[in-house]
Each structure stands twice: as structure tokens, then as C-alpha cells.
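Please look through the sequence and the model shown below before reading on.

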Amino acid sequence: MSIAPETRTAPRALDRPLPHGNACDLEVWLTERVAFHLHRTPDEIDPDTPLADYGIDSVAAISICGEIEEHHRLAVAPTIAYDFPTVHEIAGHLAERLADRAKPDEVST
Amino acid sequence: MPHQPDPRTLTDAVRNGADRHPDRAAFVYLHEDGLGMRAEELSYAELDLRARAVATRLRHASKGDATRPVLLLYPPTLDFVTAFLGCFYAGRTAIPAPLPDEPGERLARVSGILRDADVGAVLTLPQYRQAIGAWLVASGEQDVVCLSTGADEDDGADADLWTAPRLRGTDTAFLQYSSGSTSEPKGVMVTHANLAANQEAIRSAMKTPQGVVAGSWLPLYHDMGLIGMTLQPLWVGGTSVQMSPISFIKQPARWLRMIHDYRVEGTASPNFGYELCVRRVSEEQSAGLDLSCLRVALNGAEPVRADTLRAFVRRFADTGLRPEALLPCYGLAENTLLVSASDPDAPHLELTVDAQALERDELRPARTDRPSRTLVGCGRATDTEVLIVDPMTRRVLPAGQVGEIWLRGPSVAAGYWNRSELTAETFRAVTADGRTGYFRTGDLGSLLDEELYVTGRIKEMLIQHGRNLYPQDIEQAVQESGESFRRGGGAVFSVTDEASDRAHVVVVQELRARANVNEESLAHLAASVQALLSRQFQLPAVSVVLVRPGVIRKTTSGKTQRTLMRRLFADGALPVLHQRLAPAVAARPPATDPAPEPTTAGSPRR
């Protein structure tokens, strides 16, 4: 017997346009989200300063990962904020991943 | 001597479930799969079969050495549950622990457990077996057997060879390593009788129906996740739905979605989980959620905040959430899990008391002309006898007075593994009037009309001229005193100057991102904190350290690490925006301090 009941809702449709992989737009968006999770204003976040310098903790790091997945429909490692330590580097990495996805002959991850 | 009947064991519960409803899901694990969630289910029949297979292999692999415990090293999966049950089926003591899949604190912690527990066997998944074997050799534990388990390994032929173990109620069912520091782990010995007693206590306190559906994101190796959210549903033939802490923190709405999808009746989380939902779940995500199925939502394992309970109820009011479903509770691994919980059919109690009386260890009604504190009631004790005791004189205190919480009863664990001295001190305490056999929790609280109010931890309490001050009260007062101070971003502790042997209070407080940080306003803010604490707590010349957001260290379950903050302060390791130190504190040489406060085994670590 499966207990997955009938009340289960369907996965939500893609109800917002997928952002294109422009590193600059990504950086603006990411700066705003990073600021939210670090309890700062976006203008306090310098894209080339390591997030560690702002006192990022594991909950904030995983939260940022979750936001990227949610907003860009792109699965990323929970350690992304440690693997790519600045906003600039994370945005660059995301732009590459999104550009790869846009190529028709490659299977997206 | 009267014969004590052997208690019902977890093995009995699962065998019974496999007999009565073999196809019912015992567990559902929600794995992240790309961007969605994939449900993995395990029926009672499968769980029983796999547990028998694991038990048989354990027996054959370690003949003649069935006394040493079995360490379970798994990522968050159902395979942990089958291996854990396999230990019960084999009559072996299990040790739940996180998979040491990253260097650093987690590996150090598991290495500490390996040494402390005199482990006889390790169970893990096939893909980790080689690495764990190498780790065992490197740790000088060549004689420890490492077996892999999993859907492809747990063979039906092995299962058929299983015979039921002979268990006594006094046998240790598992060791819970959730208290103690990394360097000095303490394994709480939970016996089969303890487990049966606490499962029954939880069932009667929560009025858990047969076949309940419970669900959470708590780690499976943590007492609340294991005893409350994993074993309680099994105990009553129900279903446990789980996801990992990482899945939850990435998208807190997934927890609520799980409750909705599976019609979860019981869940649990530390306070910070409820806060994350209020802060992070969007209107879009909560639209259409029906949480009316939720009968019990426990809030425990860290201080329960009245404002969090209110904010959660308000935010999710239109989901059909019953306000009385939110149940503040108190529990700890040394009492198996649950000590007390509010009534699931009534609103929880809050008590606003006079702050000055609280400093003198008394609960008195608040007065309009004086500062007050709001305490959240953690309900009545279940099967456990609770005493409030003066920690110095060991005198039992009357209702309405604050002292150390002492416990006695069938859920109190047998002690700490291999630590007879520590066990004698903490598990065999005697009151001044000669009552014996109490466990000392180290927590402070008070009973009023049998309701338990937990007020703090003894070791963090600040004693100033004979008055007891709670750091969280001072932190809260500071944060409520001005817009610049970040809520939840403070740590208050005391440092002692060697010269006079006097304790001085230090306040480290984060400023909000928008706060003005020019030198003049910083000096003004620091002075305002000093004035506030002088006025409200009669604390002269506290030392104030203002820092940026994120500097205050917390455990992943959201507890402020005050002891660690004190050490960072003493070592001069805090990135200070501005500080205003009392002369004796400023003159104090950098000192090394006791070990940092242990982080509770909680959600994922960095």
C-alpha cells in the first residue's frame, strides 16, 4: 500500500520565466538574496569579498543554495557558497551552468 | 523478589506490524531528486525482512563477541533504519551517528565515539565500506568488523535464518551520543526498558493513535528525530515520513508540504525550524496548504520562544492550522527523550513574571512598574518525577522557586557508557533529605501548578552579587531596546578577572545591517546598552562589544554558543566594530578558557 494520498498536489509548473544566463543580472539577483540571508542590505555586499568575511553560517549557506535551486531550477551542491566563495564567483559558475543548459544538444542537470 | 515482566521491545512492535499490516508503509523518505522530491517507501514486511537479514549477518560476522556495540554510519536514508532495527533483532547495542563524509568536526566526533564506545562492528552502505575500513585501520581498530547493508545486500536467505534474541529490560538498546563535547563524548545508555517506558510516555502524553502518521526533517541520529519521529510511529504501527535537514533548510516550505501531502498528524522541531518557516516560506508556497491534519507540533530541544509560537500560528492561520497543535516540550537524551509536554488539546501556558523576583529564583506575578519576563510552560511531566532542587545545598525547593531540574523514573537512562564516576555524580544524586536515585539535568526551572517552566542552563548563568541572571534575558532586553540591535544576535557571558576574582558581565551584540556605524553613533549605542543594563538589571559598567551580523556563533539548531563566544572574546578573536570595556576587563590578559560548549547533534554541520 502506498500512503501517498490523493491530496498530494502536483509539482508546481514553471510559473516564472527562466532567467537567461547573464552573469551581470545573476549577480544583482544573487547579491540581493545573499544580503537577505546574511541580514544585510544589498549595497553592503561586495561581489568580490568572500562570504566568510560576512560571517556566513551553515544555515545561510544551505539557504542560498536552496534559493538558487528554486529560482533557477538548477540543482547545485549545498557547499556552493564554500566552493565558490564570493558572489562574483558563484554568479560566474551559475552563468556557465545556465549557458550549458541552454545548449540544445546537452542534457541539463 | 517479584518477577518483572520483560518490556515490549521495538522488535516486538515491528514483528507485530509485519504480522498485522505487512504492506503498510513503515517509512517514507523524501529524497531530493534533481529539483523535485522522490519518495522511497519501506513497508513493515520489508523492514522486518531486512532487519532479520542484518541481524543474522551481524551474528555470523562477530561470533563470540556479541557484547560490543555496533556503530551505524549512514547518510540520511532508510538504510539507517533497517540497520538500526537489525541491531535490535540481533540483541546488539546500536550507536546512531552521522556519516563522517567530510573532514573536520563530524569526523572528529565519530572518531571520539569509536574510541569511547569500544565498538565491535560498524554498519554502513556498500559505497562507504572501503573508506570506513581504511579509517578503522588508521584508527588502530583492525579488529572491528565493517559490514555493508542496503536493499541489495539484505538477503532473504539470511532473513530466514534469524532467531529472536533473548533480551532483558536492563540490556542497553542503544547509546545516544548527543551530549558531551567532541573531544569527550558521552554515550547515554538507553535500555530496552527505558525505551518502552518513554514510548509509552510519549504515546499517552500525545494521545498518539494507532497507525499515526508522523513526519519531520530532524536528523535520524538525534534523540528527537530518532525516539520521537522515527520510533514512536513504529511503536504504534504507524508511518514515519522523513527528509534530511539540508532539504528542509534549502526550502523550509518542503516541511509544510510534507505535512500537507502525507496528512502528517505529528511533527517536531527546535524553535529555529518554526522561525525559518515564518521568515522564508512565501505566500505563493503556502497558498493552498491544508495543515488542519496536524494535531501535534512539538517545539523543544532549545528554549521555546513565545513570540515564535505566535508568529507561526499567525502566519499559517489560513492553512487550517490548529493553534493548540503547537506544543512546547522539555526532554533530553538522558531521559530517553520526553520529560514533559503541553496538553495537545489545550493552548500552551505562558507566564509573565516579575524579572527581579526571577533573579532571586522565584516566580512572582509581574508588576506594572517593574520589568517582566515571559516564560513558556513546557507542560506536565509524563512518567517522570520532577524535583526542583537547590544545586548547592541539594534542598528540594517548593513550587514557584527556581532550581536545578532533577528527574527520576523509568525513562531515566542507565548512565553514561564506561563512565562510572560521572554516572554516579549525575545519575545517582541524593537530595538533602535523603531521597536517592535522581538524574541532575544541569537545567534550571520551576514548577508551578505542576507545570514545568525551564529558565536556563546552570553553567551559563551569571551570578552577580548573589543574584542569578539569565543571559537570554539580558540579550533580549538589549535587542528590544533599539532598532539598531539585531534580534537573536547577542551573547552575554561573564569573564573573571584574576586580580580580584570578580565576575564581569560582557555583552556582545550584533548590529542590524542598516545600522549607522560611524564612530559617534556606535559610542552612543554602547553607552545606551550600559545605561539600560544598569537601570533594568542593576548591573554597573557592563562591557559592551558591538559587532556585525553573523559574528555570534550558534549551533546549527540555533543555540547561541555563549561559552565559545566567551573564548573568542578572551582570545581577542572577535571582529569588533566598537567596544566599551570595563577597566578590569580591558586590563585582563588574554586567557585560555574551558572547552567550548558542546554543539548538540543537530542539523547538518558546516
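Domain bounds, as used here, come from an automatic or database domain assignment. For chain B, that assignment gives domain 1 (10-250), domain 2 (350-460) and domain 3 (467-586), and the centres of domain 1 of chain B and domain 3 of chain B, taken over C-alpha atoms, are separated by 42 Å. This is a predicted model, in which local features need pLDDT of at least 70 and side-chain atom pairs count only at pLDDT 80 or more, while totals for chains, interfaces and linings use all residues. Residues are numbered from 1 along each chain as its sequence is written, and chains are lettered from A and ligands numbered from 1 in the order in which they are written.

Chain A has four helices and zero strands, where helices (H or I, at least four residues) and strands (E, at least two) are DSSP runs numbered from the N terminus. Of the 109 residues in chain A, 30% are buried, a residue being buried if 20 or more other C-beta atoms lie within 10 Å of its own, exposed if 12 or fewer, and partly exposed in between, with C-beta atoms placed from the backbone.

In chain B, an open sheet of four strands has the order 24-25-26-27, with mixed pairing; two strands pair if DSSP finds at least two bridges between them. Strand 24 (485-497) and strand 27 (578-580) of chain B stand at the edges with a single partner strand each, so one side of each has no neighbour in the sheet.

Strand 25 (residues 502-511) and strand 26 (residues 543-547) of chain B pair in the parallel sense over five bridges. Along this pairing, Val506(B) stands opposite Ser543(B), and Gln509(B) has Leu546(B) as its bridge partner. Strand 26 and strand 27 of chain B, by contrast, run antiparallel and are joined by three bridges, with Leu546(B) opposite His578(B).

How many of the five residues of strand 26 of chain B are buried? Five of the five are buried, so strand 26 of chain B is largely enclosed by the rest of the structure. In a regular strand the side chains alternate between the two faces of the sheet. Here both faces are covered, with Ser543(B), Val545(B) and Val547(B) buried on one side and Val544(B) and Leu546(B) buried on the other.
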